[in-house]
Amino acid sequence: MAKLTPSPDRPGLHVSKLSPSEPATASAVCHCGATATATGDAQVGALVAGWNAHHGPAHKE
């Protein structure tokens with residue numbers, strides 16, 4: 001699974017939820033240098049919303 005984890009060399013967003021009863025986890029690394037992690041469904045949802053609004057697709061080169 002390490003290949004899916006974002007890094008400064010491979011920026012991106014990775015979300016995982018191993019089962020319906022487990023909390024979701026997420027990690028994000030943007031090419032601008034911002035990083036974030038989250039645990040729990042609500043926190044992961046907020047991280048994804050923030051990523052979409054301010055990083056990833058929001059950074060149009």
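What follows is a short chat about the sheet, the helix and the core of a predicted model.

Visitor: What do the numbers rest on?
Guide: This is a predicted model, where local features need pLDDT of at least 70, side-chain atom pairs count only at pLDDT 80 or more, and totals for chains, interfaces and linings use all residues. Residues are numbered from 1 along each chain as its sequence is written, and side-chain values use heavy atoms, with hydrogens and water left out.

Visitor: What order do the strands of the sheet have?
Guide: The open sheet of 3 strands has the order β1-β2-β3, with antiparallel pairing. Strands are DSSP runs of E, at least two residues, and helices are runs of H or I, at least four, numbered from the N terminus. Two strands pair if DSSP finds at least two bridges between them.

Visitor: Which strands stand at the edges?
Guide: β1 (12–16) and β3 (35–39); each has a single partner strand, so one side of each is left without a neighbour in the sheet.

Visitor: How many bridges join β1 to β2?
Guide: 5. Leu-13 stands opposite Ala-28 in β2.

Visitor: And Ser-27, buried or exposed?
Guide: Buried, at a relative accessible area of 16%. Buried means under 20% (1.4 Å probe, protein chains only). Ser-27 lies in strand β2 (residues 25–29), and its contacts (heavy atoms within 4.5 Å) include Leu-13 and Thr-37.

Visitor: Which residues make up the largest nonpolar core?
Guide: There are 8: Ala-24, Ala-26, Ala-28, Cys-30, Ala-38, Val-44, Leu-47 and Trp-51. Such a core is a set of buried Ala, Val, Leu, Ile, Met, Phe, Trp, Tyr and Cys residues joined through side-chain atoms within 4.5 Å.

Visitor: Where does its largest share come from?
Guide: From α1, with 3 residues.

Definitions and conventions
Buried means under 20% relative accessible area, exposed over 50%, partly exposed in between (1.4 Å probe, protein chains only). Lists of a residue's contacts leave out its neighbours within four places in sequence.
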